[in-house]
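Subject: Structure for you to look at, with notes

Dear colleague,

I am passing on the structure below, and I would be grateful if you could read the notes that follow with the model open beside them.

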Amino acid sequence: MKYWLDSAKNDMGAAEQLFLSERYDWCLFIGHLVTEKTLKAFFVYKNDSKIPPKTHNLLKLAEASDLPLTEDQKLFLDQVNDFNLETRYPEYRNEFYKFCTKEFAEVYFSKIKEFASWLTSQITFDK
């Protein structure tokens, strides 16, 4: 669990730097990794230190962890899933880059930080 949280924290720092350097597409790609790693930490927490599923799908990770989510949170995770796909593959990358403005990235990066903070607060270390 600590590995995943430490890795997510490190990636959050990288995402912050990418945002400041106006690399908004990559900021959101790393934001997806932050969300994924935080969900994997939660999975480990809820499942007696079992290895988390080898998936990048945020909704599947949440479901595997029995994480109760609101409909808004489910929609958010589904949208953040796109940041992984659209940044990784050339056929999607140019389109993603075009609509990945500062304003767009600001909204989603803020939500990513908020979600990661909320999810981390659900993990108690005295378990």
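A word on terms comes first: helices (H or I, at least four residues) and strands (E, at least two) are DSSP runs, numbered from the N terminus. This is a predicted model, in which local features need pLDDT of at least 70 and side-chain atom pairs count only at pLDDT 80 or more, while totals for chains, interfaces and linings use all residues. Residues are numbered from 1 along each chain as its sequence is written, and side-chain values use heavy atoms, with hydrogens and water left out.

Let me begin with Q73, which has its place in helix α4 (residues 71–88). Q73 is buried, at a relative accessible area of 19%, where buried means under 20% relative accessible area, exposed means over 50%, and partly exposed is what lies in between (1.4 Å probe, protein chains only). If neighbours within four places in sequence are left aside, Q73 is in contact with P68, F115 and W118, contact being heavy atoms within 4.5 Å.

The helix α1 comes next. With 19 residues, α1 reaches 27 Å from its first C-alpha to its last, close to the 27 Å expected at 1.5 Å a residue; the expected span is 1.5 Å times one less than the number of residues in the helix. The buried residues in α1 are W4, L5, S7, A8, D11, M12, A15 and F19. These residues cover an arc of only 155° around the axis, which puts them on the same side of α1, and the arc is that of the directions from the helix axis to the C-beta atoms. The buried residues of α1 pack against α2 (24–46) and α6, whereas the face of α1 turned away from its buried side carries the exposed residues K2, Y3, K9, N10, Q17 and L20. Just after α1, E22 takes a positive phi of about 65°.

In α2, 21 of the 23 residues are buried, so that this helix is mostly covered. The end C-alpha atoms of α2 are 33 Å apart, which agrees with the 33 Å that its 23 residues should span at 1.5 Å a residue. The residue D48, which follows α2, has a positive phi, near 50°.

The helix α6 has 20 residues and reaches 28 Å from its first C-alpha to its last, close to the 28 Å expected at 1.5 Å a residue. Buried in α6 are A105, Y108, F109, I112, F115, A116 and L119. They cover an arc of only 125° around the axis, which puts them on the same side of α6, while the exposed residues E103, E114 and S121 are carried by the face turned away from that buried side.

Turning to the rings, the structure holds eleven aromatic pairs; rings of Phe, Tyr and Trp (its six-membered ring) pair if their centres lie within 6.5 Å, and planes under 30 degrees apart count as stacked, over 60 as edge-to-face and the rest as tilted. One of them is formed by F19 and F109, whose ring centres are 6.1 Å apart and whose planes lie at 25°, so the pair is stacked. Since F19 lies in helix α1 (residues 2–20) and F109 in helix α6 (residues 102–121), the pair ties together parts that are 90 residues apart in sequence. F19 is buried, with a relative accessible area of 13%, and F109 also counts as buried, at 2%. The rings of F99 and F104, by contrast, have their centres 5.2 Å apart and their planes at 85°, so that pair is edge-to-face. F99 is partly exposed at 38% relative accessible area, and F104 is partly exposed at 22%. Ring pairs link F83, F99, F104 and Y108 into a cluster.

Lastly, the count of disulfides comes to zero, a disulfide being a pair of cysteine sulfur atoms within 2.5 Å. The sulfur of C27 is 7.8 Å from the closest cysteine sulfur, in C100, which is too far for a bond. C27 is buried, at 0% relative accessibility, and C100 counts as buried at 7%.

With best wishes
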